[in-house]
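Subject: Structure handover

Hello,

Here is the structure I promised to pass on. Please open it next to this email and read the two together.

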Amino acid sequence: MFHVKLPGHDAMARAADEKLVSRRIKLPRPVVDKPIRQVAKRLLMALFVLLLTVLIVWLDRAGYHDNANETVDLLDCFYYATVTLSTTGYGDIVPYSDSARLVNILLITPLRVLFLIILVGTTLEVLTERTREEWRLSRWRKNLRDHTVVVGFGTKGRSALQTLLATGLQKEQVVIVDPSSKVIDIANSEGLTGVVGDATRSDVLRRAELQKARQVVIATQRDDTAVLVALTARQLNRGAKIVAAVREEENAPLLRQSGADAVITSASAAGRLLGLSVLSPSSGEVMEDLIQQGTGLDIVERPVKKSEVGKGVRETEDLVVSVLRGHRLLPYTDPHASPLQLTDRLITIVRAAPSAQPPISLGPAD
């Protein structure tokens, strides 16, 4: 039976009245105009169709007959265009020449249909919104695989995602899971797909298609929640790489037993960085630069090149920190690290390449 030490104070605890009933998938919405602007555009389009109809009738007014005074003036053209486009059709002004009737068939009738579509466009949009959303969701499920699931979108989750995006991960390959609908709305505004719900429930993780994911980042606010999420995620996906963060160092072994491949102790890591900065502020800045991808220097894991096979760790182009051989991580000072083998992977320090990804805004601290 697991025993998890809980943090004494959770600075990012959600409001107690937060409703967790909804466990919906929220896809990022395309950018649209404001409602007032949309209405204004449709009114201008309707006015354009009306004026075009008036112009057509005015140019061929000799082919129309008015039962009141037999002549058709500009006011009569507006009147005829209005009652025709609205399909009222009182019949007091009618086309009687062949040219006028042909124009009504070829031009006036299509304009009438277009006018009606513009008027009922808002209603049609509401009616088709559900169908369109279901179609987008179905296409999203079909195309999504080998993606990244981020559980918890606080400061830790945002920072982890920002690092992944800096290394080339596309936003379309990311799914955020968080119990707060407001947090998911923020994720949607940044172009990310989100699932509202409790990530300790398997049905919520299935909505995030975790069973097809390549990697999972667990950045929850509580250590006991992280353990349950890791257990559920590993049960759904045996092959995914799971990385989790915990507050208390003594809870790290529980995360590993629960299926996490790597566990980061956030409080201890921050404390060590603080201590290093006290002893040497410049060293602290260097370490901060190394863990922040996309700026200055980056730590990168890469395979050994064919030209590097048989060479020593100091004979490579990059600055090698460690050598990953099988499941063993060898420091560069280890005599067994050299010569390099074709199946090795190198942990190197390289100059950061400029990133094209926009930054993810960081919220309040976890």
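Below is what I found, going from the whole chain to single residues.

**Overall**

This is a predicted model. The chain has 11 helices and 13 strands. Of its 366 residues, 38% count as buried. The accessible surface comes to about 21400 Å². Carbon and sulfur atoms account for 60% of that surface.

**The four-stranded sheet**

Start with the sheet made of β10, β13, β11 and β12, which is open and runs in that order. Its pairing is antiparallel. The edges belong to β10 (297–303) and β12 (328–331). Each of these two has a single partner strand, so one side of each is left without a neighbour in the sheet. On average, neighbouring strands of this sheet are turned by 25 degrees against each other, direction ignored.

Now look at β11. This strand covers residues 319–325 and is joined to β13, residues 345–351, by five bridges. The two run antiparallel. Leu319 stands opposite Ile349 in β13. Val323 is bridged to Leu346 in β13. Val323 also has a bridge partner in β12, namely Leu330. Four bridges pair β11 with β12, again in the antiparallel sense.

β11 and β12 form a hairpin, with two residues between them. Gly326 sits in the turn and has a positive phi of about 70 degrees. Further along, the loop between β12 and β13 holds Pro339. Check the peptide bond from Ser338 to Pro339: it is cis, with omega near 0 degrees. For context, most peptide bonds are trans.

Helix α2 spans residues 74–85, 12 residues in total. From first C-alpha to last, α2 reaches 16 Å, close to the 16 Å expected at 1.5 Å a residue. Asp73 caps its N-terminal end. A side-chain oxygen of Asp73 lies 3.3 Å from the backbone nitrogen of Leu75. The buried residues in α2 include Asp76, Cys77, Tyr80 and Ala81. Val83, Thr84 and Leu85 are buried too. Just after the helix, Thr87 takes a positive phi of about 60 degrees.

What does Leu50 touch, leaving aside its neighbours within four places in sequence? The contacts are Ala81, Thr82 and Leu85. Leu50 itself is found in helix α1, residues 35–59. Leu50 and Leu85 are 35 residues apart along the chain, yet their C-alpha atoms are separated by 7.6 Å.

**Helix α5**

Helix α5, residues 155–166, also has 12 residues. Its reach from first to last C-alpha is 16 Å, close to the expected 16 Å at 1.5 Å a residue. Its buried residues are Thr155, Lys156, Gly157, Arg158, Leu161 and Leu165. An α-helix has 3.6 residues a turn, so residues three or four places apart point the same way. Keep that in mind when you look at Arg158, Leu161 and Leu165, which are among the buried ones. Gly168 follows α5 and has a positive phi, near 115 degrees.

Most residues other than glycine have a negative phi.

Asp146 has a phi near 55 degrees. Asp146 is found in the loop between α4 (121–143) and β4 (148–151). Its relative accessibility is 48%, so Asp146 counts as partly exposed.

Glu209 is not a glycine either, and its phi is positive at about 55 degrees. Its place is the loop between α7 (202–207) and β7 (215–218). Is Glu209 buried or exposed? With 8% relative accessibility, Glu209 counts as buried.

**Where to look**

View the cis bond from Ser338 to Pro339. Then view Val323, with its partners Leu346 in β13 and Leu330 in β12. Finish with Leu50 and its contacts Ala81, Thr82 and Leu85.

Best wishes

How values were computed
Residues numbered from 1 in each chain as written. Predicted model: local features only at pLDDT ≥ 70, side-chain atom pairs only at ≥ 80, totals over all residues. Heavy atoms only, no water. Pairing = 2+ DSSP bridges. Axes fitted to C-alpha atoms, helices over the stretch in contact; angles between N-to-C directions. Expected span 1.5 Å × (residues − 1). Buried < 20%, exposed > 50% of the residue type's maximum accessible area, 1.4 Å probe, protein only. Polar contact = N/O pair within 3.5 Å; in protein donor to acceptor, adjacent residues only side chain to side chain. Contact = heavy atoms within 4.5 Å. Areas by Shrake-Rupley, 256 points an atom, 1.4 Å probe, with all protein chains shown as cover.
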